[in-house]
Amino acid sequence: MDDARLQQAAKDHLWMHFTQHGRYADEDVPIIVRGEGAYIWDSDGNRYLDGLAGLFVNQLGHGRTELAEAGAAQAKELAFHPLWSYAHPRAIELAERLAHHAPGDLDRVFFTSGGGEAVESAWKLAKNYFKMVGKPMKHKVISRNVAYHGTPHGALSITGLPGLKQQFEPLVPSTFRVPNTNIYRASEITGGYLDGSDPEAFGRWAADQIEVAILNEGADSVAAVFLEPVQNAGGCFPPPPGYFQRVREICDRHDVLLVSDEVICAYGRLGEMFGSTRFGYEPDIITSAKGLTSGYAPMGAMIASNRLMEPFLAKGEMFAHGYTFAGHPVAAAVALKNLDIFESEGVLAHVRDNAGAFRATLERLTDLPMVGDVRGDGFFYGIELVKDRATRETLTDDECERVLHGFLSKELFAAGLYCRADDRGDPVIQLSPPLIVGQAEFDEMERILRDVITRAYALL
């Protein structure tokens with residue numbers, strides 16, 4: 001199709017995800033046609049720095065022919081076979097490799113098609129496991145305010161964003177929310193009890209709220225706590241020192257599973273293969289996806305401890321759950337090649353070596369009156385926008401619609417930076433570039449952000 005036909009067909013037939021289609025009544029739909037390295041191009045030939053790695057996905061950058069060739073070679077050999085009572089070599093090899101990288105005894109790999117399915121699988125496993133070990137009442141889940149865990153009904157129920165949930169009610173019952181670790185808003189979160197000046201104290205308080213929730217619901221009814229290593233929604237909340245260690249103690253004390261939702265934070269995003277490794281804790285389950293294949297094929301994985309598999313090893317037992325395309329041979333071959341390149345090119349070390357420079361470059365923006373906070377870890381950062389830095393006053397709903405979505409999002413893209421302007425929580429700009437970038441790309445992001453945020457502030 002030529003560009004005109006593509007535009008019309010997109011408006012007539014393509015139902016885009018999380019999209020206000022009315023915005024395109026009098027505007028063109030942005031159509032991305034190719035990518036190379038850290039850059040993408042649209043159908044008009046304009047180039048953009050991919051500051052979001054697609055959607056926290058493209059770890060190795062665009063145009064990696066090795067990944068495409070690995071998938072093509074596997075498709076010629078075996079294009080598809082399910083994992084329903086059968087196996088194939090690529091799924092076996094990938095499962096072994098992920099188990100090797102995972103912390104502790106997380107040796108059992110259950111493949112999915114993506115991240116939401118991995119989260120769904122983890123909750124189903126938690127409920128099924130406790131029934132099998134004689135604790136059938138344990139089924140409830142605790143997660144954090146503003147946290148996003150996926151769109152399937154179970155994963156959406158765990159999600160802490162009411163605005164994304166209310167239109168799909170009734171959802172799965174028995175999920176409960178606790179405070180998140182946004183230390184910039186510690187005073188609001190704790191009701192003035194803590195101001196965030198002591199990160200360890202705030203971390204202890206936030207972790208202890210999980211125990212309060214467990215005790216309020218009854219420990220004999222709570223199955224799992226779902227937490228991201230760095231919470232995505234709300235703008236990249238890293239854990240305060242000691243937070244996850246205290247959460248681990250609480251979960252152990254009450255026989256509650258700790259699920260580390262690493263759909264974004266795994267596979268190098270924080271400089272380690274898994275985010276839990278980055279922060280020194282051992283979960284019972286890891287949910288993952290996105291960077292596992294660098295986006296060259298859809299794939300996810302739930303990685304569970306051996307003890308959770310044990311009841312299912314008895315004769316006649318099974319986990320009655322699965323997906324047609326889970327562990328797809330082509331996706332598994334791409335994932336294996338992706339991990340090969342991680343090793344041969346030292347990707348994890350590159351992130352660790354450059355994470356400080358990325359932070360320092362973004363922190364140069366704190367001289368702007370609209371930049372309230374810069375936070376995150378590794379190659380995963382959020383910039384919180386405010387009306388008043390002194391009081392930390394946030395934007396109103398109208399200002400978010402007019403300035404964040406109506407101006408900032410469009411102007412950043414027009415200036416050559418693809419990233420995310422988001423107000424699920426406080427208004428933020430999120431950055432999560434391919435793991436191959438360095439100082440030149442950091443400087444380019446900072447330059448574009450500085451110009452557009454300066455102009456946006458004048459509109460408040």
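Predicted model: local features only at pLDDT ≥ 70, side-chain atom pairs only at ≥ 80, totals over all residues.
## Salt bridges between separate parts of the chain

The side chain of Glu77 meets that of Arg90 in a salt bridge, with 3.4 Å from N to O. Glu77 belongs to helix 3 and Arg90 to helix 4, which covers residues 89–101, so this pair ties together parts that are 13 residues apart in sequence.

Another salt bridge joins Arg64 to Glu345, and here the closest N and O atoms are 2.6 Å apart. Arg64 sits in the loop between helix 2 (53–56) and helix 3 (65–77), whereas Glu345 sits in the loop between helix 13 (329–344) and helix 14 (347–363), so the pair ties together parts that are 281 residues apart in sequence. Arg64 is buried, with a relative accessible area of 12%, but Glu345 counts as partly exposed at 42% relative accessibility.

## A buried pair and a network

The side chains of Asp284 and Arg248 also meet in a salt bridge, with a distance of 3.0 Å from N to O. This pair links distant parts of the chain, 36 residues apart, because Asp284 lies in the loop between helix 11 (275–278) and strand 9 (285–288) and Arg248 lies in helix 10, residues 243–253. Asp284 counts as buried at 6% relative accessibility, and Arg248 is buried as well, with a relative accessible area of 14%. Elsewhere, salt bridges that share partners connect Arg185, Glu188, Asp373, Arg375, Glu384 and Asp426 into one network.

## The surroundings of Thr112

Thr112 is part of strand 4, which runs over residues 108–112, and it counts as buried at 0% relative accessibility. A polar atom of the Thr112 side chain lies 2.8 Å from the backbone oxygen of Gly114. When residues up to four places away in sequence are left out, Thr112 touches Glu117, Ala118, Ser121, Met299, Gly300, Ala301, Tyr323, Ala326 and Gly327.

Rolling a probe the size of a water molecule over the atoms shows where empty space is left. The second largest pocket has a volume of about 840 Å³, and 27 residues line it, of which Leu83, Val109, Phe110, Phe111 and Met309 lie nearest its centre.

The elements that give two or more residues to the lining of this pocket are helix 4, strand 4, strand 10 (300–304) and helix 12 (306–309). Strand 4 gives the most to the lining, with four residues, and strand 4 is also the element in which Thr112 is found.

Terms used: Residues numbered from 1 in each chain as written. Heavy atoms only, no water. Salt bridge = Lys/Arg side-chain N within 4 Å of Asp/Glu carboxyl O. Buried < 20%, exposed > 50% of the residue type's maximum accessible area, 1.4 Å probe, protein only. Polar contact = N/O pair within 3.5 Å; in protein donor to acceptor, adjacent residues only side chain to side chain. Contact = heavy atoms within 4.5 Å. 1 Å grid on protein atoms, 1.4 Å probe; cavity = no way out; pocket = protein on both sides within 12 Å on 5 of 7 lines; lining within 4 Å. Points joined across faces, edges and corners; volume = space filled by probe spheres on them.
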